[in-house]
Amino acid sequence: MNRMMYRGLILAASAVSLSLAGCSGDPEPPEYGQAPQLPEQQRGLLPNMKIAKPAEWGDHAPQVPEGYTIRAIATDLKIPRQTLVLPNGDILVAEGKGGHAPKLTPKDVIASYIKSKGTSPVESGDRLTLLRDADGDGVYEGRSVFAENLDAPYGLAYADGQIYVANQGELVRFTYRDGQTRADAPPVRVTRLPERINHHWTKSLAISPDGRYLYVGIGSNSNVGERGLDVEVDRAMVWEIDAETGMHRAFATGIRNPTAMAFRPGSDQLWTVANERDELGANLVPDYLTSVRDGAFYGWPYSYWGQNVDPRVRPQDPEKVASATRPDYALGSHVAALGLAFSGPVMGPRFAEGAFVGEHGSWNRSEPIGYKVVFVPFRNGQPAGAPVNVVTGFHGEDGKTRGRPVGVTVDPAGALIICDDLSNTVWRMTPDRPAQIPPVEAGDRAPAAQQAP
């Protein structure tokens, strides 16, 4: 694409974004929950788009419920995405951004331009940063680079003296001992991960409660297969990887972009949040939270939310559609869920049973949605009831966006850790009156990426 054509497309993008910013508003968001009422499909040349207007936090701060306090425990990071609480209470932060998908159409160029206006200009850190609160007062005065020269690290997990890191093209591990502040040696490769094109580059990660298997979420290379299904081989799925040998198999398929995963405490049930497809309307298709069942197919690209056929996909596959598993819980369309952490009594009675979800926020609606952390209450191991707003204020009433939540982690010490990759901050929300939870010995801590309180 020559320079003049590129400039013309950018000008067109600006015009489109400005015109759409003044739209009267999108239809009402779809219902949340197990049985959302899905609207009719709406298709056009371009989706509605709204540039998030980044702004400094200044005197502002995220808002939390009464009885809780939030503070920044690390700033000036380099694109913080996900965190991991280590057995001694130190926090590892994965910093970076990846992807190298080519822009093949004018729509690719315009969408890329729109999205870039709502992201941080900071260069990718490609590293793990360690935060330490030595005296337990909630101030993380210790900060060091645990590992560097990584390749867009995202998913993190720990078990049996090993830290696992999902880069955009490989799963690696570091040997770790309690209190260590820097890796002793370069990482050891566990297995390669698909990285051709890498339209969805993030590789989410969870580890089984016994530490034997690793689960990696691998996003699709397109919206609905428009690049051809040959580039979707081994994508839009969750891999199960033997932690010892690196051998892998497809655990679940048809998940467009599984962006964060965790095991529900006290069970061997894996859950994920997923980002669904675009360009079927402001309120289609809902991103979701679901259990990940061995061998299940979740519809992408042929259908969504069970057997709702996407007519854009060619060729169609009625047999695949008929076999599609419906997700467990709708979060709302285009909220861009990127974080998942199960809670426990340590977070107080209001959030004792359920899952926190970090919503990065929309770019393809004239009225933004997401830009917050919500809590999905559970009952008897299943989602039950409407989501509760927990951390808000990232997108203010003044139309400015000061932060965008990504990963969320529940610290067994009694805190919710939130990565904000727009202001490059890690936030920590704590109950004003900590729950009286018996102390957990280091050897008793759960080995999963999201440790159970």
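Glu-95 sits at 0% relative accessibility and so counts as buried, where buried means under 20% relative accessible area, exposed over 50% and partly exposed in between (1.4 Å probe, protein chains only). Arg-127 is buried too, with a relative accessible area of 15%. These two side chains pair up in a salt bridge, with the closest N and O atoms 2.9 Å apart; the term covers a side-chain nitrogen of Lys or Arg within 4 Å of a carboxyl oxygen of Asp or Glu. Arg-127 belongs to strand 5 (residues 127-132) and Glu-95 to strand 4 (residues 91-95), so the pair ties together parts that are 32 residues apart in sequence.

A word on the model itself. It is a predicted one, in which local features need a pLDDT of at least 70 and side-chain atom pairs count only at pLDDT 80 or more, while totals for chains, interfaces and linings use all residues. Residues are numbered from 1 along each chain as its sequence is written, and side-chain values use heavy atoms, with hydrogens and water left out.

In total, the structure holds 15 salt bridges. Side chains of opposite charge can pair when their charged atoms come close. Another such pair is Glu-148 with Arg-182, at 2.8 Å from N to O. Here Glu-148 lies in the loop between strand 6 (142-147) and strand 7 (155-159), and Arg-182 in the loop between strand 9 (170-175) and strand 10 (188-192), so this bridge links parts 34 residues apart in sequence. Glu-148 is partly exposed at 42% relative accessibility, and Arg-182 is partly exposed at 41%.

Asp-398 and Arg-402 also meet in a salt bridge (2.8 Å, N to O). Asp-398 is partly exposed, with a relative accessible area of 45%, whereas Arg-402 is buried at 6%. Elsewhere, salt bridges with shared partners join Glu-276, Arg-277, Asp-310 and Arg-312 into one network.

Leaving aside residues up to four places away in sequence, Tyr-329 touches a set of residues including Tyr-32, Gly-33, Gln-34, Asp-287, Trp-305, Val-376 and Pro-383; a contact means heavy atoms within 4.5 Å. Trp-305 is 24 residues from Tyr-329 along the chain, and their C-alpha atoms are separated by 9.8 Å. A polar atom of the Tyr-329 side chain lies 2.8 Å from the backbone oxygen of Gly-385.

Zooming out, the protein chain has three helices and 29 strands, taken as DSSP runs (helices H or I, at least four residues; strands E, at least two) numbered from the N terminus. Of its 453 residues, 57% count as buried. Among contacts with a separation of 6 or more, 63% come from residues 24 or more positions apart. The chain exposes about 18800 Å², with carbon and sulfur atoms supplying 49% of it; the areas come from the Shrake-Rupley method with a 1.4 Å probe.

As for confidence, the chain averages a pLDDT of 89, and 87% of the residues score at least 70; pLDDT is the predictor's confidence in each residue, from 0 to 100. Over residues 1-24 the pLDDT is below 50, and this stretch has 26 contacts beyond near neighbours in sequence. Residues 437-453 also have a pLDDT below 50, with 39 contacts beyond near neighbours. Where pLDDT is low, the predicted coordinates should not be read in detail.

Definitions and conventions:
A polar contact is a pair of N or O atoms within 3.5 Å; within protein, one must be able to donate a hydrogen and the other to accept it, and residues adjacent in sequence count only if both atoms are side-chain atoms.
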